[in-house]
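Hi,

Here is the structure I said I would pass on.

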Amino acid sequence: MSSGPLASIREVGRYALFVGGLVAEVPRALLRPGLVVQQVYNAGALSLVIVMLSGLFVGMVLGLQGFDLLERFGSEESLGTAAALGLVKELGPVVTALLFAGRAGTALASEIGLMRATDQLAAMEMMAVDPVRRVVVPRFLGGVISMPLLAAIFSMIGIYGAQLVGVQMMGVDPGQFWSQMRGAVEQADVMEGVIKSVVFGLSCSAIAVYEGFHAAPTAEGVGRATTRTVVLSSVMVLLLDYMLTAILL
Amino acid sequence: MRSNKAMEIGTGLFVLLGFAAMFFLVTQITSREVGFGERSYRIGAAFEQVGGLKPGAPVSMSGVTVGRVESIGYDFDAYQAEVVLRIESRYDRIPDDSDAAIYTAGLLGGQYVGIGPGGSETFLQDGDQIEFTQSAIVLENLISKFLFSRAEEAGTEEME
């Protein structure tokens, strides 16, 4: 592939066309929910343990850092608010998306890439089975469905992690912790997190399946595709996060 | 088919847990707003000065939240701010000679509307207007009044 600005523009165009093609196939893919459910399992259920564990530790760190910061202003009772807002609006969607890119995105890219390298995709085409419809779209949808659920689980576990440190270890009043949180957090804050995780789910899944589908059909090509998936997804998530925050705030 | 069964159970658990988490976020960590639906009624109140009052601010009686500020507009006939309050239907026995005042929660807190009950036997209905209102206290006005009065005192002392 040649380099230069024209090649970059072409790459962006190929991405857009590919994603457009995916979206056009979505209604048809929903007619065969079995394939999608299997991918929800692969992308979501198998990422559950890592997401829950990370959520717990991120929440606990928030509890610790938040307590230390708020104690200086004598307002430790706001810990619940700080932890819940931080998790629901930022850390939940972003950290989950980064974990998703590492855990599920790489699996998607290498799986599809290997199918390409071992000519399975070509074989499907030979049998008049559209590989995009049969292989790519269910995986894309599985990722899109899984991401908001994973982010919500992450935030919930994280809030309990913050509660564990703040209330059990540091002695913040549990009533204050929960009531201040309920008083300050609004439905719009939760919606902001959900919108973010949906957008991240779309972009991470699209990047993973694109890179896998267009991988060079060699061992090296599959490796490159997985690396590119993680790098591109992470950068896109952080960039989109800033833009979405600016819009939604 | 054992692996298939495990997959289905795993997916089911994951989806259920995900929706449970969403439900938790929406219901447990956010405050339940007073129903802005059918089970509430509107009353109006005109204020000289609303200060920093915002739509969504609580309306309270003796510290109990009974409703929310729905909207704040300007009435060019009376040259006053017109505040619409949404009161929950179960608080339907507010006397029609009650008064409304704008208070500040704490020194730097947000502003809210406090209703003090009157003695009337008839109660406020949907669309009624609260007659007796007391404006928000604007701190800058208080300070400037205080400073001017001090300056005036100093001036009269000098004349004497």
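This is a predicted model: local features need pLDDT of at least 70, side-chain atom pairs count only at pLDDT 80 or more; totals for chains, interfaces and linings use all residues.

H1(A) and H6(A) sit roughly perpendicular to each other (a label for angles of 65 to 115 degrees; under 35 is roughly parallel, over 145 roughly antiparallel, and the rest oblique), because their packing angle falls in that range. The angle is about 95°, and the two axes are 9 Å apart, with H1 covering residues 5-30 of chain A. Axes here are lines fitted to C-alpha atoms, for helices over the stretch in contact, and the angles run from 0 to 180 degrees between N-to-C directions.

Residues are numbered from 1 along each chain as its sequence is written, and chains are lettered from A and ligands numbered from 1 in the order in which they are written.

Back to that helix pair. On the H1(A) side, the residues that meet H6(A) are A:Gly21, A:Leu22, A:Glu25, A:Val26, A:Arg28 and A:Ala29. Facing them from H6(A) are A:Val132, A:Arg133, A:Val136, A:Val137, A:Pro138, A:Phe140 and A:Leu141. Contact means that the C-beta atoms of two residues, placed from the backbone, lie within 7 Å. Sorted by class, this contact has nine nonpolar, one polar and three charged residues. Nonpolar covers Ala, Val, Leu, Ile, Met, Phe, Trp, Tyr, Cys and Pro; charged covers Asp, Glu, Lys and Arg; the others, Gly among them, are polar.

The cut-offs, with C-beta atoms placed from the backbone: buried is 20 or more other C-beta atoms within 10 Å of the residue's own, exposed is 12 or fewer, and partly exposed is in between. Leaving out residues up to four places away in sequence, A:Phe140 touches A:Leu22, A:Ser205, A:Ala206 and A:Val209. A:Leu22 is 118 residues away along the chain, yet the C-alpha atoms of A:Phe140 and A:Leu22 are separated by 8.0 Å.

A:Arg134 is in helix H6 of chain A too. This one is partly exposed, because A:Arg134 has 16 C-beta neighbours inside 10 Å. With the neighbours up to four places away left out, A:Arg134 touches A:Met124 and A:Val129.

Now the other helix pair, H4 (residues 79-117) and H8 (residues 187-213) of chain A: their axes come within 8 Å and cross at roughly 15°. So H4(A) is roughly parallel to H8(A). The residues of this contact divide into 16 nonpolar, eight polar and seven charged.

What about the loops on either side of H5? A:Asp119 lies in the loop between H4 and helix H5 (120-126) of chain A, and A:Ala128 lies in the loop between H5 and H6 of chain A. A:Asp119 has a positive phi of about 65° although it is not a glycine, and A:Ala128, not a glycine either, has a positive phi of about 60°. A:Asp119 counts as exposed because it has 12 C-beta neighbours inside 10 Å. A:Ala128 is exposed as well, so counted because it has 6 such neighbours inside 10 Å.

On to chain B, which has two helices and eight strands. From the N terminus on, its elements run α-β-β-β-β-β-β-β-β-α. Buried residues make up 22% of the 160 residues in chain B. The domain assignment gives domain 1 (1-30) and domain 2 (40-143), with bounds from an automatic or database domain assignment. The C-alpha centres of these two domains of chain B lie 45 Å apart.

Cheers

Notes:
Helices (H or I, at least four residues) and strands (E, at least two) are DSSP runs, numbered from the N terminus.
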